[in-house]
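Student: I have a structure to go through, and I would like to know what stands behind each label we give it. Could you take my questions one by one?

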There are 2 protein chains.
Amino acid sequence: MQRKSAISRVRPRGFVAACLFGLALLPVDPAAAIDFEFPTLFKRNADGLDPVEQAPCGPGGLAITPSGDYIISCHQFFNPTYSVVRLNRDGIWEAFPNISMNTPAPGNQLALDSVLGIVCDEDGVVWMLDNGRRSQTAPKLVGWDTTKGKTGGTHKIINFVAPAVLKTSFLRNLVLDPEEPFIYISDPALGQDAAVIVVDLNTGLTRRILQGHYSVQPDENIALELDGKPVEAKTQDGRTVQPLAGVSPLAIDREGKWLYFGPMYGRYLYRIQTEFLRDPTLDNTQIGSKVQAFSGKPICDSIAIDPRGNVYFGDIGGNAIGYVTPDDKYLQYHYLIQDGRLIWPGGLTFGNDGKLHFFSNQLHRTPIYNGGKDVSAPPFEIFRIKPLPKKGLWPTR
Amino acid sequence: MQRKSAISRVRPRGFVAACLFGLALLPVDPAAAIDFEFPTLFKRNADGLDPVEQAPCGPGGLAITPSGDYIISCHQFFNPTYSVVRLNRDGIWEAFPNISMNTPAPGNQLALDSVLGIVCDEDGVVWMLDNGRRSQTAPKLVGWDTTKGKTGGTHKIINFVAPAVLKTSFLRNLVLDPEEPFIYISDPALGQDAAVIVVDLNTGLTRRILQGHYSVQPDENIALELDGKPVEAKTQDGRTVQPLAGVSPLAIDREGKWLYFGPMYGRYLYRIQTEFLRDPTLDNTQIGSKVQAFSGKPICDSIAIDPRGNVYFGDIGGNAIGYVTPDDKYLQYHYLIQDGRLIWPGGLTFGNDGKLHFFSNQLHRTPIYNGGKDVSAPPFEIFRIKPLPKKGLWPTR
């Protein structure tokens, strides 16, 4: 049976973009787009796609505990009841870490409002990044120690205030430095004011960097189409605008040497050595001078890196998981898997099983991206796939 | 030579207040009040008053490092150039910890705006409480490690956001728990919304408690007169109001068992066992039920406690340092020293010399308390006095 699903494409904007994203290979069928029929042509390596679970909400982020449990942040665009949920051992999704922290209440300093970025460290502390934009509460980072159960697990709370955040801030993703007590955060904000935020967990110092740098700002010449139409957002005053998100996807290598990042709406992935992020004596210009262009990238809000330095992309426009590998000295962009079930793929995370886990969240079908109407169609599937084999698909250098 | 100085009194409001504050003994001479002549009658034990230094600014708080250095917060009502200054070994007051942190600059997360409460711990970390009300920046607590010099000493920064603080918050004083990694803060706010804030230094969790409780709210039937006239404040819209500050003075005993506190404009000093402050499972009502009335108190914004549990008050209306001692089973209020040079005494702190250090800050002569005109008259003297002897002035129980 042919499955009803999304069709999508990235509007090619000239040869360079097409080459970078491998878009020249992407079959586009406008007719198919109109009736949401999914052309089998789109499938690549799809046999390896393993649907594992279904999220009870439109997911915004995915974390996996050391014992292998899924914890999901519920994307605020779906206006969820709970901000964060965990799949318990009975196979039931329940509020994480408890109902109290998922219940708005005046006086509750720990109440979660709008969590997107979520990561679990090797000690079982789940770090939740709450941008606070549903209720206009102050953004915060909350670390919860899962080894302590549903109460008493408050490990760390860091509130963000100006100048680390702006009124336009929309804290999106975070990565933990594996060697130093630091966390790096992406803030796409309104685009031109996007930035990276560096958090020193020992001192609590938070620092906004790279604001104004090209590596965090969106490219206005990129547009996204999904389900056969442009993805557009309604502003609060009713205007239709093209969402042009700045820096969003983040990844850090296993040694904590390099932070990989780039604007969601951007053609290039960048990287910077994390030592420069942690050095408080460097000013914004000096930090900017340390940024390196790394490879091309698709429109995406989630990336991951494996132990060999292969970078994986949740390719929203391509219904795909793409990758670049250092085994390819030109770092060209390729598809690892492409399948119509990958409808706005995100939450890319490696599990202890060595596999790459992620979800489809259908974000373009939420009211904010769909003229006020919610046409998202559960289930929101969580998949896992095998990453690149040790001997890469590409000749080693 | 008779010194020109302040005359002041607390308006007696019936017998109870007079007894509580020992006001029945306070000579009031309205004629003297008018021309600022200081009647010699006011002096008690004044021979023991040792003027040590002169602050370069109207001080808001006083800390003493383990090596005996003075660090002063400059009260925002004087609109000082630097927020915090330190008396260096050459006898020169300089910006503390450095000029950068005392220079407002966009992007400088550590810039100090309006520091009042300041305390140094035994490890040489100076904790500065910045209420941010000069520039309407977010309130913050900054710990600076003085053993690391003028740079690189950032020990901890904790930003306060709702619901721990309100828009009306005016963070005033802080005490460090000597046994647990906690700090307790007074927030007089606008009076009725005054509260205590509990800071967990390990987790960064901040919690607003006791808001709405009588022990933190001002008594509207108390008025302050200094220099022969009522102390009144101008609001931003030009109205003259009586400043009625809620909880402000704080002290904690050497074992960290009891927190002593009370409203600046209040007749009673209260205390609560700190274990109840640290217990996140207690709600506001439960915490309120643990508060005990301890003794009478004068109008004051600074108190200190010595190792024997004697509590000392910067008695603003009395131009005095007062005390209550557990050696007196009725805990009656007495003067330790009274002298016309004590003009709004504050910053009560014990030094390593075992003496009680404090300053006169003439706060009622600042524009905000004096119809827009600054009539403060430097120097702002720093004094030290001997506290009560080991065998108290009062019979032991």
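Tutor: Gladly! Keep in mind that this is a predicted model. Across the interface of chain B and chain A, the rule finds seven residue pairs in polar contact, both residues at pLDDT 80 or more.

Student: What makes the two chains count as touching, and how many residues take part?

Tutor: Contact requires heavy atoms within 4.5 Å. The contact draws on 19 residues of chain B and 19 residues of chain A. Between them, chain B and chain A bury about 1600 Å², with carbon and sulfur atoms giving 58% of that area. Gln109(B), Val161(B) and Thr203(B) supply 34% of what chain B buries against chain A, more than any other three residues.

Student: Which element of chain B gives the most to the side that touches chain A?

Tutor: That is strand 10 (residues 154-159) of chain B, with five residues. By type, the side of chain B that touches chain A divides into eight nonpolar, 10 polar and one charged.

Student: What does chain A look like by itself, in terms of helices and strands?

Tutor: Chain A has four helices and 29 strands. Of its 397 residues, 61% count as buried. Among contacts in chain A with a separation of 6 or more, 53% are between residues 24 or more positions apart. Chain A exposes about 16100 Å², and carbon and sulfur atoms supply 52% of that.

Student: Why is the pair Arg267(A) and Asp219(A) called a salt bridge?

Tutor: The rule asks for a side-chain nitrogen of Lys or Arg within 4 Å of a carboxyl oxygen of Asp or Glu. In Arg267(A) and Asp219(A) the closest N and O atoms are 2.9 Å apart, so the pair meets the 4 Å cut-off. Over all chains, the count by this rule comes to 26 salt bridges.

Student: What does the pair of Arg267(A) and Asp219(A) tie together?

Tutor: Arg267(A) lies in the loop between strand 20 (258-263) and strand 21 (268-273) of chain A, and Asp219(A) in the loop between strand 14 (206-209) and strand 15 (224-226), so the pair ties together parts that are 48 residues apart in sequence.

Student: What makes Asp327(A) and Arg308(A) a salt bridge?

Tutor: Their side chains meet at 3.3 Å, N to O, and the cut-off is 4 Å, so the label applies. This pair links distant parts of the chain, 19 residues apart: Asp327(A) sits in the loop between strand 25 (320-324) and strand 26 (334-338) of chain A, and Arg308(A) in the loop between strand 23 (303-305) and strand 24 (311-315). With 14% relative accessibility, Asp327(A) counts as buried, whereas Arg308(A), at 31%, is partly exposed.

Student: How does the rule apply to Arg341(B) and Asp339(B)?

Tutor: Their closest N and O atoms are 3.1 Å apart, and they form a salt bridge. Arg341(B) and Asp339(B) are both buried. In chain A, salt bridges that share partners join Asp50(A), Asp353(A) and Arg384(A) into one network.

Student: Why is Thr366(B) called buried?

Tutor: Its relative accessibility is 0%, so Thr366(B) counts as buried. Thr366(B) is in the loop between strand 28 (356-360) and strand 29 (380-385) of chain B. Setting aside residues up to four places away in sequence, Thr366(B) touches Phe77(B), Phe78(B), Lys373(B) and Asp374(B).

Key: Residues are numbered from 1 along each chain as its sequence is written. Chains are lettered from A and ligands numbered from 1 in the order in which they are written. This is a predicted model: local features need pLDDT of at least 70, side-chain atom pairs count only at pLDDT 80 or more; totals for chains, interfaces and linings use all residues. Side-chain values use heavy atoms; hydrogens and water are left out. Buried area is the accessible area (1.4 Å probe) that two parts lose on being put together, summed over both. A polar contact is a pair of N or O atoms within 3.5 Å; within protein, one must be able to donate a hydrogen and the other to accept it, and residues adjacent in sequence count only if both atoms are side-chain atoms. Helices (H or I, at least four residues) and strands (E, at least two) are DSSP runs, numbered from the N terminus. Ala, Val, Leu, Ile, Met, Phe, Trp, Tyr, Cys and Pro count as nonpolar, Asp, Glu, Lys and Arg as charged, and the others, Gly among them, as polar. Buried means under 20% relative accessible area, exposed over 50%, partly exposed in between (1.4 Å probe, protein chains only). Accessible areas come from the Shrake-Rupley method with a 1.4 Å probe; for residues, only the protein chains shown count as cover.
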